[in-house]
Amino acid sequence: MNQPYQSPEADLGTAAVETYQPRMFQTAGRLGRARYFVYVMALTMILYVAMGLAMAAGLGVDPSGGGAMMILMMLVVAVVGIFMTVMSIIYGIRRLNDLNMSGWLILLMFVPIANFVIAIMLLFVPGSKGANNYGPKPAPNSTGVIVALVVLLVLFIGGFVGLGALMGSMSAGMDPAMYQSY
């Protein structure tokens with residue numbers, strides 16, 4: 001029985017923090033920095049694999065690179081490219097929502113200089129600590145997300161180092177007379 005003069009019972013210190021588990025092909029909710037980077041890089045790899053398979057299939061059937069196979073190859077690349085563009089915009093909106101900002105700001109990605117600022121924000125600015133106007137915070141990153149982030153960062157940085165080494169070796173083999181003015 002409820003006693004009218006009994007002190008209220010409230011558990012103030014053990015309130016659970018509401019979170020949700022983001023998914024790669026989800027279109028709503030918030031997205032943290034690590035998942036944003038991993039998801040965008042995974043999409044990029046999907047695009048490269050699809051383009052490579054389409055080109056290999058096209059050139060395997062018709063080595064001259066013409067005809068109906070070329071049209072099919074271009075169609076596959078276009079469909080995958082459109083899918084990647086749509087998903088990249090969705091990820092950007094979700095990341096902006098994590099920053100408690102409107103998803104409409106993703107349109108600044110089409111404005112020179114502003115796109116650089118927005119990209120830096122999406123990659124480096126931490127999201128809201130708790131729930132914000134766009135929902136609960138994402139669950140902490142799983143071990144798989146952390147491992148994928150480290151692997152992708154190593155590949156990303158290794159790619160730039162390799163490109164620099166390739167460009168350096170190419171320029172080392174050039175004739176110095178080529179740089180003389182006429």
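Me: Leaving aside its neighbours within four places in sequence, which residues is Arg-23 in contact with?
Reply: In this predicted model, Arg-23 is in contact with Tyr-39 and Arg-94 once those neighbours are set aside. The word contact applies because heavy atoms lie within 4.5 Å. The C-alpha atoms of Arg-23 and Tyr-39 are separated by 9.4 Å, and the two residues stand 16 residues apart along the chain.

Me: Where is Arg-23 found, and why is this residue called exposed?
Reply: Arg-23 is found in the loop between S1 and H1. Its relative accessibility is 52%. The term exposed requires a value over 50%, and therefore Arg-23 counts as exposed.

Me: What elements make up the chain, from the N terminus on?
Reply: The order is β-α-α-α-β-α, which comprises four helices and two strands.

Me: How many salt bridges are counted, and what makes the pair of Asp-98 and Arg-30 one of them?
Reply: The count comes to two salt bridges. In the pair of Asp-98 and Arg-30, the closest N and O atoms are 2.8 Å apart. The rule asks for a side-chain nitrogen of Lys or Arg within 4 Å of a carboxyl oxygen of Asp or Glu, so the pair qualifies as a salt bridge.

Me: Why can the pair of Asp-98 and Arg-30 be said to tie together parts of the chain?
Reply: Asp-98 lies in helix H2, whereas Arg-30 belongs to the loop between strand S1 (19-20) and H1; the pair therefore ties together parts that are 68 residues apart in sequence.

Me: How do you know whether Asp-98 and Arg-30 are buried or exposed?
Reply: Asp-98 has a relative accessibility of 4%, and Arg-30 has a relative accessible area of 0%. Buried means under 20%; therefore Asp-98 counts as buried, and Arg-30 does as well.

Me: Which residue forms a salt bridge with Arg-95, and how are the two placed in helix H2?
Reply: Arg-95 forms a salt bridge with Asp-98, the closest N and O atoms being 2.8 Å apart. The two are three residues apart in helix H2, which means that about one helical turn separates them. Both Arg-95 and Asp-98 are buried. Through shared partners, salt bridges join Arg-30, Arg-95 and Asp-98 into one network.

Me: Which members of the largest nonpolar core touch the most other members?
Reply: Val-38, Tyr-91 and Leu-122 do, in a core of 24 residues. Helix H1 (33-61), helix H2 (68-98), helix H3 (114-124) and helix H4 (143-172) each supply at least two residues of this core. H1 gives the largest share, with nine residues.

Me: Not counting residues up to four places away in sequence, which residues does Val-38 touch?
Reply: Val-38 touches Val-145, Ala-148, Leu-149 and Leu-152 under that condition.

Me: Why can the buried residues of H3 be said to line one face of the helix?
Reply: The buried residues in H3 are Ile-118, Met-121 and Leu-122. Viewed down the axis of H3, its buried residues fall within an arc of 95°, and so they line one face. On the other side of H3, Phe-116 and Phe-124 are exposed.

Me: What makes Ile-118 count as buried?
Reply: The relative accessible area of Ile-118 is 5%. The limit for buried is under 20%, so Ile-118 falls in that class. Apart from neighbours within four places in sequence, Ile-118 is in contact with Leu-105, Leu-108 and Met-109. Its C-alpha atom is separated by 9.7 Å from that of Leu-107, eleven residues away along the chain.

Me: Which residues form the nonpolar patch on the surface?
Reply: The patch consists of Leu-153, Phe-156, Ile-157, Phe-160, Val-161, Leu-163, Leu-166, Met-167 and Met-170, which together have about 870 Å² of accessible area.

Note on methods
Residues are numbered from 1 along each chain as its sequence is written. This is a predicted model: local features need pLDDT of at least 70, side-chain atom pairs count only at pLDDT 80 or more; totals for chains, interfaces and linings use all residues. Side-chain values use heavy atoms; hydrogens and water are left out. A nonpolar core is a set of buried Ala, Val, Leu, Ile, Met, Phe, Trp, Tyr and Cys residues joined through side-chain atoms within 4.5 Å. Buried means under 20% relative accessible area, exposed over 50%, partly exposed in between (1.4 Å probe, protein chains only). The arc is that of the directions from the helix axis to the C-beta atoms. Patches are made of residues with over 30% relative accessible area and no salt bridge: like charges are joined within 9 Å, nonpolar side chains (Val, Leu, Ile, Met, Phe, Trp, Tyr) within 5 Å. Accessible areas come from the Shrake-Rupley method with a 1.4 Å probe; for residues, only the protein chains shown count as cover.
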